[in-house]
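Have the sequence and the model ready.

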Amino acid sequence: MEHADYTGVSPLVLDNSNNTNTAMILCCECGVAIQPNPANMCVTCLRNHVDITENIPKQAVLHFCRNCERYLQPPNEWIQASLESRELLAVCLKKLKGLKEVKLVDAGFIWTEQHSKRIKVKLTVHGEISGGTVLQQVFVVEFTVQNQMCDDCHRTEAKDFWRCLVQVRQRAENKKTFYYLEQLVLKYKAHADTLGIKPEHGGLDFYYVSENHARRMVDFLQTMVPSKVTTSKRLISHDIHSNNYNYKYSWSVEIAPISKDSAVCLSKKLRQQFGNISPICLVNRVSSAIHLIDPLTAQIAEITTQVYFRAPFEAICNPKQLVEYIVMDIEVIHDKDRKSYPGQGTLSSKHALCDIWVVRASELGIADTNIHTRSHLGHLLKVGDSVMGYNTGEANINDAEFDKLPQDQIPDVVLVRKHYDRQTRLSQRLWKIKHLADEATDERSKYDYNEFLDDIEENVDMRGHINIYRDSKKTLPIDVQPDVPQITLEEMLEDLTLECADDEMGDGESEAQGEGEERAEPQL
């Protein structure tokens, strides 16, 4: 019998410490003189007659999925376990049915070659035989690893792998909000449980196996950006005997068509709700809510998701319509000179209100008339700077709320942000970001993407939610302009790149490598 190593017999009798001379008896099988025990047999005869491991199988099978590298734990659970781990040992012990009849004392792995498809486990058990004698036995169980594809991998190979679909869309001309959401997903690894990500027109599709993972993704999207969710399901199969239904679920997440630096026109009701703010406002930031700023008074407002979708509005001007102006004169308006009234909303402390006179960059030196307006960029601009703005006085705007405004409430120019030279910014940009899908190749998407990169450089708060990586392909330029916004090296992460070079190994190197392998301790 190929088991086995008995380590001894433990007699369960009362020892009389007062009697120095213990009586001896003869073994009932071989007649050898032994100390009395309940079995009246010596150790050798017990080995020949009793096997406490006869109901424990000495060979078993483990099912392993090569695609996801998981082991099957009966009846239908697949768990992740590395070789010689506690999890794998638990799976092996649960495959042995006869362990309930004995007491398990110790269990451990015996080293085997990792490609042999064999796993050996050494077990030590205690078992009670007739008469109350406790016998200890050590034996080895050999497990054969067989490949079996799990249900999840089977669906993947059958091209019917997804059960839940999350469709993320933003139907807007400016995609900066969508690019920001993509970086949030990468930053917080919200896409870790996805089976696949497919780019579609206007957004991305996320595929999932579990409904819980899809719902978790939808909750993350609703937390990060203003969005509206609609749910649908489609019946795939139905078992009339067990009354089980198989559905495929779909979530459509529609992001608000508003992005940073867009100009919006608020309705009269919303203006009164936010402290009589001006009808034409700029989008200062888009996060879980839409943050607006009044360029004429520097008043700010925060529109939540519920308020926005109760009375939705769209942008009347997008960053592609920006016109370059040159600052001719500027006068900062101090806080004591500002007009205030009861019920006024919160004023921004990060911006400075100013009276400013500008002229179009294309008309500089040709037209002598300067355009006067008010702006919230008094802390950034000075005479001679370039600034981007919307020419609302001459723009063709199709909006119902904008048509209701009187002419005195429509400014000639709405200044949005300070302008920097494009080539200078590109030469000093030593960083990059990652993407969930392939980068867009059309000119419209490239323009929005470059505008988004400019916003990252100008906004410190936004960089805290984005992973920025050092671009090793670019070098620091010789002439660095300190006025241009930049990202410091301390804010960048090192990008991990794994390269495998197929170098020819010499005889000396191969021998040294062979000696190193011989000295290394074998591991599973």
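## A tyrosine to start with

Is tyrosine 179 buried or exposed? Tyrosine 179 is buried, at a relative accessible area of 12%; buried means under 20% relative accessible area, exposed over 50% and partly exposed in between, using a 1.4 Å probe and protein chains only. Tyrosine 449 counts as buried too, at 16% relative accessibility.

## How to read the model

This is a predicted model, where local features need pLDDT of at least 70, side-chain atom pairs count only at pLDDT 80 or more, and totals for chains, interfaces and linings use all residues. Residues are numbered from 1 along each chain as its sequence is written, and side-chain values use heavy atoms, leaving out hydrogens and water.

## Rings that meet

There are ten aromatic pairs, counted when ring centres of Phe, Tyr or Trp (its six-membered ring) lie within 6.5 Å; planes under 30 degrees apart are stacked, over 60 edge-to-face and the rest tilted. Phenylalanine 64 and tyrosine 71 make a tilted one, with 4.8 Å between centres and 50° between planes. Both phenylalanine 64 and tyrosine 71 are buried.

Back to tyrosine 179: its ring centre is 5.7 Å from that of tyrosine 449 and the planes sit at 85°, so this pair is edge-to-face. Ring pairs also join Tyr245, Tyr247, Tyr249 and Trp251 into a cluster.

## A charge over a ring

Lysine 233 lies over the face of tyrosine 247, 4.5 Å from the ring centre. The rule here is NZ of Lys or CZ of Arg within 6 Å of the ring centre and within 35 degrees of the ring normal. Lysine 434 does likewise with tyrosine 469, at 4.6 Å from the ring centre.
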